[in-house]
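Work through the exercises below with the sequence and the model side by side. Try each task before reading its solution.

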Amino acid sequence: MPETAVLSDFVGSTTYDDVPPEALAHAKEAIRDYVGVALYGSHHEVGEKISKYISQYDGNGSVTVFQREAQSAPAAALANGAFGHAIDYDDTFESIVIHPTSPIFAAALAAAEEANTSTKELLVGYIVGCETTYRVGHSTYPEHYQKGWHSTGTAGSFGATAAATSIFDLSTSQIERALGIVGSASSSLKKNFGTMTKPLHAGHAAQVGIRSALLAQDGFTADPEILEGDIGYSNVMTTDGAYDPEEITEGLGEEWAVHDIGYKPYPSGVITHAAMDAMRTIVRNNDIVPDNVENVVVTLEDAASEMLIHAQPDDALQAKFSIEFCLAAVLREGDAGIHEFTDEYVTQQATRDAIAKVTRAFEEDLFGDDFAGYGAIVRVQTGSQEYREEIRYAPGSPNNPIDDDRLQHKFYECATSRLSQSEAESLEMSILELEEVSLDKFTDFLR
């Protein structure tokens, strides 16, 4: 059976009872993480501009936009997806460079409200959307990403479509056509890293996912075998022979992609996080302050060089892809969160002075061929003393998890930028018990 058909059948047939309890629990953990960062992102500069755009050009609707007036389902998906990725603090798959929840949950929530369905259906839509993104992403990885495509926006658009079609309860043939539609709308370029367009990728994926599902529901046509063939999505978007269809078809419903999701402890590119945690450990364990440091040398996987493109960042968006800034902020503060990733902090003289102490180095296969490329080695020189810390896996990833206290702190740090403490506590409880809560009650916290 063609892989588009296999995937479409899985999306259309999966029910709440098919999903193991552990996968459901991990899904709700991921949703909590997303909701916190999206609430913060709703009034970040990216959020402000997206909100202005949809209010001017979309008009009113009944679907929730975080902390804003309701809009149409496509507009809400666009906004909420971009909000989630606005400060690059949202989750990632460990085994592939994709931020799944921002595009997928934004589309799933918009579809659930459009269809007036249950939170159980919302959860299922999100979970099959993660599965779809994970499998489409892996089938073209790493060549697709290496060619310059941003997989959060490309593979993420397939996941957003799957989530919406699941919630709209479309037939297998309708789902095939929805995936065909989104195959022609799937586009995001890594060239835009460090700009507002990077978070727009997540919103775009969510928006075109909803649009594709709605059009397919109304009988709009598209090629039902969009993934396969010489000029199908997967071969067009990779180098010759790189596409592996078995990544889509093998083991569906046996292993769940949500278990590959990791959570960011810092609002920057995940490639910076192992180094930041190494620096955090060195600074905290040895009471190090910037004035005592002669130099910092960070060694990363060679593949990181194409993402860490801002050695001297001019603003907070560029700082997310500056290993120099990321380590400088941790050196100054002992940690780094939403308060450090601001234009004001980036341009402070003390930050510039700390950045000047950091030197980068890259090494091919730093930790061996079996590694995704997120590890780091940090050396800090203070006079005659050198401190060294090595971290193989990014903190927050399944292979290097961070404890729930740290995740919960992140949620409240972000959520209380828009809500009171008691409101944030009620919201957290509604997420962790999502299938027991009505959709209206859940969205009341977000509006």
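The model is predicted, so local features need pLDDT of at least 70 and side-chain atom pairs count only at pLDDT 80 or more, while totals for chains, interfaces and linings use all residues. Residues are numbered from 1 along each chain as its sequence is written, and side-chain values use heavy atoms, with hydrogens and water left out.

**Exercise 1.** Determine how helices α2 and α4 are oriented to each other.

Solution. Start with the ranges: α2 covers residues 21–41 and α4 covers residues 73–85. Next, take the geometry: their axes are 7 Å apart, at an angle of about 100 degrees. Angles of 65 to 115 degrees count as roughly perpendicular, and α2 and α4 are therefore roughly perpendicular to each other.

**Exercise 2.** List the residues of α2 and α4 that meet, and sort them by class.

Solution. On the α2 side are Y34, V37, A38 and G41; on the α4 side are N80, G81, F83 and G84. Contact here means heavy atoms within 4.5 Å. The residues of this contact comprise four nonpolar, four polar and no charged. Gly counts as polar, and Tyr as nonpolar.

Note on methods
Axes are lines fitted to C-alpha atoms, for helices over the stretch in contact, and angles run from 0 to 180 degrees between N-to-C directions. Helices (H or I, at least four residues) and strands (E, at least two) are DSSP runs, numbered from the N terminus. Angles under 35 degrees count as roughly parallel, over 145 as roughly antiparallel, 65 to 115 as roughly perpendicular and the rest as oblique.
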